[in-house]
Amino acid sequence: MEDADRRRRCFNGVGNKRQARASAMQMRAMAVEFPEVHGHPNRLPFEGVLTLVDVVSDKAPSGARGHRVVLTRAAAEAAIPSLLGMAVDYKAGWEGHDVRQKCGIITSAELDGNRLVVAGYLFARDFPEFGKEPVMGAVLGMSYELADAHVADMRAAVWTLTRATFTGAAILKRENAAYRNTSFSIACSRRGIACSRRASRKSTSSEL
């Protein structure tokens with residue numbers, strides 16, 4: 001009887017650990033699944049690296065009062081659900097943010113190492129410039145938009161963001177982004193989360 005109880009406790013312990021790992025994974029990768037419409041003229045898949053977590057920005061973003069920033073992993077994980085359904089925007093010349101120029105939607109997000117990777121659709125029919133040069137050949141990156149950001153110490157040289165809500169993202173030249181190692185691509189790669197989600201058929205106001 002004691003052996004049976006011991007085995008049951010061990011089994012429950014393993015089960016609880018697996019459940020905890022599954023829960024942690026769910027927080028790191030989320031997506032909403034749209035019905036597939038072959039050849040939809042206004043859906044152009046995109047993917048990109050929105051930002052880096054636990055890494056200090058290369059320069060001070062707009063709204064940070066001249067401070068470089070670092071988004072903590074915990075803050076990013078907690079804020080991933082707020083990314084889904086948010087719009088992507090762009091400014092003429094790919095110079096920065098224009099929240100009124102919304103050109104697409106984010107449908108999935110995941111943490112891959114220290115990269116916050118997003119994917120979604122651009123409104124290709126409404127914004128035909130996305131299918132033309134020099135856009136396709138431009139070195140583009142991304143930049144996130146936040147609200148309700150909490151800074152651990154406002155007096156610090158580098159602001160550490162411990163809590164925030166994503167309100168959108170911008171497509172812009174990498175040189176204009178706070179993080180130079182972000183990226184944006186219209187071509188959907190096999191390794192991208194948009195493609196992997198589709199292949200498996202599973203869904204699992206500061207500007208920075």
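Read along the sequence, the chain of this predicted model follows the pattern α-β-β-β-α-β-β-β-β-β-β-α-β. The pattern is made up of three helices and ten strands. The chain has 208 residues, and 39% of them are buried. Its accessible surface comes to about 11,700 Å², with carbon and sulfur atoms accounting for 51% of that area.

Strand S7 covers residues 140-151, and nine of its twelve residues are buried, so this strand is largely enclosed by the rest of the structure. Its partner is strand S8, residues 158-173, to which S7 is joined by ten bridges. The two strands run antiparallel. Six residues lie between S7 and S8, and the two strands form a hairpin.

A pair of aromatic rings is described by the distance of the centres and the angle of the planes. In the whole structure, eight aromatic pairs are found. In one of these, the ring centres of Tyr 90 and Phe 130 are 5.4 Å apart and the ring planes stand at 70°; an angle over 60 degrees counts as edge-to-face, so this pair is edge-to-face. The two residues are 40 residues apart and the pair links distant parts of the chain: Tyr 90 belongs to strand S4 (residues 87-90), while Phe 130 lies in the loop between strand S6 (115-122) and S7. Tyr 90 has a relative accessible area of 7% and is therefore buried. Phe 130, at 0% relative accessibility, also counts as buried.

A contact of another kind involves Tyr 121, where Arg 43 lies over the face of the ring, at 5.1 Å from the ring centre.

The largest nonpolar core has 42 residues. Those that touch the most other members are Leu 50, Val 88, Leu 122, Phe 130, Phe 166 and Ile 171. At least two residues of this core come from each of strand S2 (44-52), strand S3 (68-71), helix H2 (73-83), S4, strand S5 (102-112), S6, S7 and S8. Of these, S8 gives the most, with six residues.

The surroundings of Phe 166 can be listed in detail. When residues up to four places away in sequence are not counted, Phe 166 touches Leu 50, Leu 71, Ala 79, Ile 80, Ser 82, Leu 83, Met 86, Leu 116, Tyr 144, Glu 145 and Leu 146.

With a relative accessible area of 30%, Ala 138 is partly exposed, whereas Phe 130 is buried. The C-alpha atom of Ala 138 is separated by 9.4 Å from that of Trp 94, although the two residues are 44 residues apart along the chain.

Definitions and conventions. Residues numbered from 1 in each chain as written. Predicted model: local features only at pLDDT ≥ 70, side-chain atom pairs only at ≥ 80, totals over all residues. Heavy atoms only, no water. Buried < 20%, exposed > 50% of the residue type's maximum accessible area, 1.4 Å probe, protein only. Helix = DSSP H or I, 4+ residues; strand = E, 2+ residues; numbered from the N terminus. Pairing = 2+ DSSP bridges. Areas by Shrake-Rupley, 256 points an atom, 1.4 Å probe, with all protein chains shown as cover. Phe/Tyr/Trp six-rings, centres within 6.5 Å; stacked < 30°, edge-to-face > 60°. Lys NZ or Arg CZ within 6 Å of the ring centre and 35° of its normal. Core = buried A, V, L, I, M, F, W, Y, C linked by side-chain atoms within 4.5 Å. Contact = heavy atoms within 4.5 Å.
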